Amino acid sequence: MTRLPAAVLLLIAGTAVADDAAAKKMLKDLEGSYTPAVMTSAGNAIDEALLKDTSFTIKGDTFTFRYKMKNKTEEKQAVIVLDPSQKPAAIDLTPKDGPDASRPMLGIVKIEKDAVTLCWSDRRDKPERPKDFSSTKENGYFLIVMKKARD
């Protein structure tokens, strides 16, 4: 009887290692610099002027968001945790500082050639992970389509 629990533990450990390897590969695939092609918040398109002064970088497990506000460049960083076994792939973005530090924003991510699409909720009162890539007034989600910069 002791063999069954040991076999189950080995199976679970093997799955965790495979999931971890898939997450590391996806994180490596995401690495690079990006410019926003589309950004919406609760169904509303973000102003074109803000788009042109915005950039994103993914290096290791860090997501960096740079934008210009009142002629001053701001930078925000978040730690990325991926779960590519979920469909669509799950991404948690946890701010490194500020009032939301250590509170993950639950999202989903997809990679298509040189574009990455992110959709997430930052509702603190009722955290939920989006089921599809949409941003509407009703769901209040953020949606970003980022284009990878050519090296």
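**Arginine 66**

I looked up arginine 66 first, and at 29% relative accessibility this residue counts as partly exposed. The cut-offs I used are under 20% relative accessible area for buried, over 50% for exposed and partly exposed in between, with a 1.4 Å probe and protein chains only. Arginine 66 forms a salt bridge with glutamate 75, and their closest N and O atoms are 2.8 Å apart. I counted a salt bridge when a side-chain nitrogen of Lys or Arg lies within 4 Å of a carboxyl oxygen of Asp or Glu. Glutamate 75 is partly exposed too, at 42% relative accessibility.

**Basis of the entries**

I am working from a predicted model, in which local features need pLDDT of at least 70 and side-chain atom pairs count only at pLDDT 80 or more, while totals for chains, interfaces and linings use all residues. I number residues from 1 along each chain as its sequence is written, and side-chain values use heavy atoms, with hydrogens and water left out.

**Threonine 57**

I then went to threonine 57, which sits in strand β3. I took helices (H or I, at least four residues) and strands (E, at least two) as DSSP runs, numbered from the N terminus. The side chain of threonine 57 makes a polar contact of 3.1 Å with the side chain of arginine 66. For a polar contact I required a pair of N or O atoms within 3.5 Å; within protein, one must be able to donate a hydrogen and the other to accept it, and residues adjacent in sequence count only if both atoms are side-chain atoms. Leaving aside neighbours within four places in sequence, I find threonine 57 in contact (heavy atoms within 4.5 Å) with Gly32, Ser33, Thr62, Phe63, Thr64 and Arg66.

**Other salt bridges**

I get a count of 7 salt bridges. One of them joins lysine 24 to aspartate 20, with the closest N and O atoms 3.5 Å apart. These two are 4 residues apart in helix α1 (residues 3–30), so about one helical turn separates them. Lysine 24 is exposed at 56% relative accessibility, and aspartate 20 is partly exposed at 39%. Lysine 52 also forms a salt bridge, with aspartate 53, where the closest N and O atoms are 3.9 Å apart. Lysine 52 is exposed, with a relative accessible area of 66%, whereas aspartate 53 is partly exposed at 29%.

**Nonpolar core**

Which residues touch the most other members of the largest nonpolar core? I find Phe63, Ile80, Leu82, Val109, Leu118 and Met146, out of 23 residues in this core. At least two residues each come from α1, β1 (32–41), β3 (54–59), β5 (72–83), β6 (89–95), β7 (105–112), β8 (115–121) and β9 (142–148). Helix α1 gives the most, with 4 residues. By core I mean a set of buried Ala, Val, Leu, Ile, Met, Phe, Trp, Tyr and Cys residues joined through side-chain atoms within 4.5 Å.

I listed the partners of two of these residues. Not counting residues up to four places away in sequence, valine 109 touches Met26, Leu30, Leu82, Ala89, Ala90, Ile91, Val116, Thr117, Leu118 and Phe133. Methionine 146 lies in strand β9 and is buried at 0% relative accessibility. Beyond four places in sequence, contacts of methionine 146 include Tyr34, Pro36, Phe56, Ile58, Phe63, Val116 and Leu118. The C-alpha atoms of methionine 146 and valine 38 are 7.1 Å apart, although 108 residues separate the two along the chain.

**Strand β6**

How many residues of β6 are buried? I count 7 of its 7. Ala89, Ile91, Leu93 and Pro95 are on one side and Ala90, Asp92 and Thr94 on the other, so both faces are covered.

I checked pairing next, taking two strands as paired if DSSP finds at least two bridges between them. β5 and β6 pair in the antiparallel sense over 6 bridges, and a hairpin joins them through 5 residues. Aspartate 92 in β6 is the bridge partner of valine 81. β6 and β7 also run antiparallel, joined by 5 bridges. There, methionine 105 in β7 is the bridge partner of leucine 93.

**Whole chain**

I noted 2 helices and 9 strands, running α-β-β-α-β-β-β-β-β-β-β from the N terminus on. Of the 151 residues, 32% count as buried. Among contacts with a separation of 6 or more, residues 24 or more positions apart account for 42%.
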